[in-house]
Amino acid sequence: MEHREGRPLIDRVRLARTFYQRYGREPRLFRAPGRVNLIGEHTDYNDGFVLPMAIDRETVIAGAARDDRRVRVYSLNADEAVEFDLDHPGEKQRGIWLDYVEGVAQSLLGRGVRLKGADLAVLSDVPVGAGLSSSAALEVSAGLAFVSLSDQQLDRVTLALAGQQAEHVYVGTMCGIMDQFVAALGREGHALLIDCRSLEATLVPLDTSETAIVVCDTNVKHELSSSEYNARRAECERGVEMLREMMPGIRALRDVSVAEFAQHEERLPETIRRRCRHVVTENERTLSAARALQDGDLKEMGRLMYASHRSLRDDYEVSCRELDVLVEIAESLGGVVGARMTGGGFGGCTVNLVRREALGEFEQVVSREYTRATHLNPTIYVSEAGGGAKEIKDS
Ligand code: GLA
């Protein structure tokens with residue numbers, strides 16, 4: 001099991017040295033974290049509530065401005081160098097990591113931010129394809145680098161929106177705002193209760209002295225994730241159109257309470273009914289979870305996490321066997337307070353609240369039983385809630 005215990009994560013000296021060797025200049029450094037969502041899944045694009053925290057894994061970008069319009073980017077992870085021109089946008093949705101970097105530059109330009117060209121080098125320890133938002137970490141760290149190197153100012157919510165737009169236009173996933181928001185605005189020791197309509201966030205303190213937040217990676221990512229994601233979003237929109245016949249004032253599933261839904265659900269076709277039921281009940285669970293954490297009621301938090309998982313599995317149908325196996329193993333253990341899949345689904349990770357004295361047993365049993373059931377090895381991390389995007393000035 002990996003514990004971080006407050007050390008710097010990414011080798012910043014190596015990154016800065018690589019930058020210097022490549023470009024012959026001293027860089028400034030910018031970082032943004034990955035995230036794990038405690039509860040509130042597939043609610044963000046329904047104008048609803050989410051409760052994520054930034055994790056202590058991050059993407060760091062070394063950069064210096066240029067006096068022309070070119071952007072050169074070197075990824076240490078991919079050992080690959082690419083270039084683009086701010087005035088001549090490249091093809092979109094090429095399925096490469098550059099889509100995120102060029103996409104955020106184009107979103108910022110589209111918002112009137114006057115960007116300069118830049119030389120950049122990127123290093124990340126957010127695992128790719130694990131559902132921990134390596135893409136948002138890249139978009140937001142790159143966005144912050146572009147803005148800062150161009151001597152511009154931008155508020156963090158707009159930075160997050162620019163990252164989301166990059167995802168929509170350059171990557172092709174119609175994601176909500178959760179990942180970019182928490183990458184931009186995460187706070188150490190806290191989860192964020194984000195209202196995805198008003199884009200306001202409430203800090204929810206996380207006391208991890210007795211109970212740790214443990215992320216378990218299935219190490220699978222099923223191909224379906226992007227197409228099914230967009231399909232779920234479309235089903236929710238269809239549900240809103242149908243519900244509007246009975247509830248003319250509603251704009252999104254956020255506007256439908258659990259009681260109102262129960263009154264009208266019979267009128268919806270089966271699949272749409274289940275999709276909407278997930279979102280409506282998940283919004284309620286998320287608000288209850290934030291209250292439970294604030295009150296220190298971990299038992300209730302755990303109950304809500306398990307209920308969220310079942311709803312995602314049965315009504316929203318975005319879980320998969322590997323995720324279900326991890327949650328079932330966790331649920332069978334005495335020291336586990338709660339567990340659920342986290343992120344978009346179809347693979348990726350679960351999030352677990354585990355009593356510290358049970359961490360050893362948790363790691364042992366989850367590894368053994370998961371491998372027995374799936375012939376795969378899980379990756380297990382303990383993470384504290386980390387901070388959001390910023391320039392690193394102390395290294
Ligand atoms: C992905 C998206 C988010 C959110 C989650 C599901 O992570 O990027 O916007 O919709 O899935 O909650």
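Predicted model: local features only at pLDDT ≥ 70, side-chain atom pairs only at ≥ 80, totals over all residues.
Numbering runs from 1 along each chain as its sequence is written, and side-chain values use heavy atoms, with hydrogens and water left out.

Who's around the ligand, meaning with a heavy atom within 4 Å? Among them are Arg35, Asp44, Tyr45, Cys175, Met178, Asp179 and Tyr229.

Now the polar contacts, which are N or O pairs within 3.5 Å. A ligand oxygen is 2.6 Å from a polar backbone atom of His42, and a ligand oxygen is 2.7 Å from a side-chain N or O of Glu41. On its own the ligand has 310 Å² of accessible area (Shrake-Rupley, 1.4 Å probe), and the protein covers 92% of that.

Where does the ligand sit? In the largest pocket, where "sits" means more than half of its atoms lie within 2 Å of the grid points. A pocket here is an open set of points on a 1 Å grid over the protein atoms alone, where a 1.4 Å probe fits, with protein on both sides within 12 Å along at least five of seven lines; lining residues have an atom within 4 Å of a point. The volume is about 1200 Å³, counted as space filled by probe spheres on the points. Of its 50 lining residues, Tyr100, Gly129, Ser134, Ser135 and Glu167 are closest to the centre.

Definitions and conventions:
Near = heavy atom within 4 Å. Polar contact = N/O pair within 3.5 Å; in protein donor to acceptor, adjacent residues only side chain to side chain.
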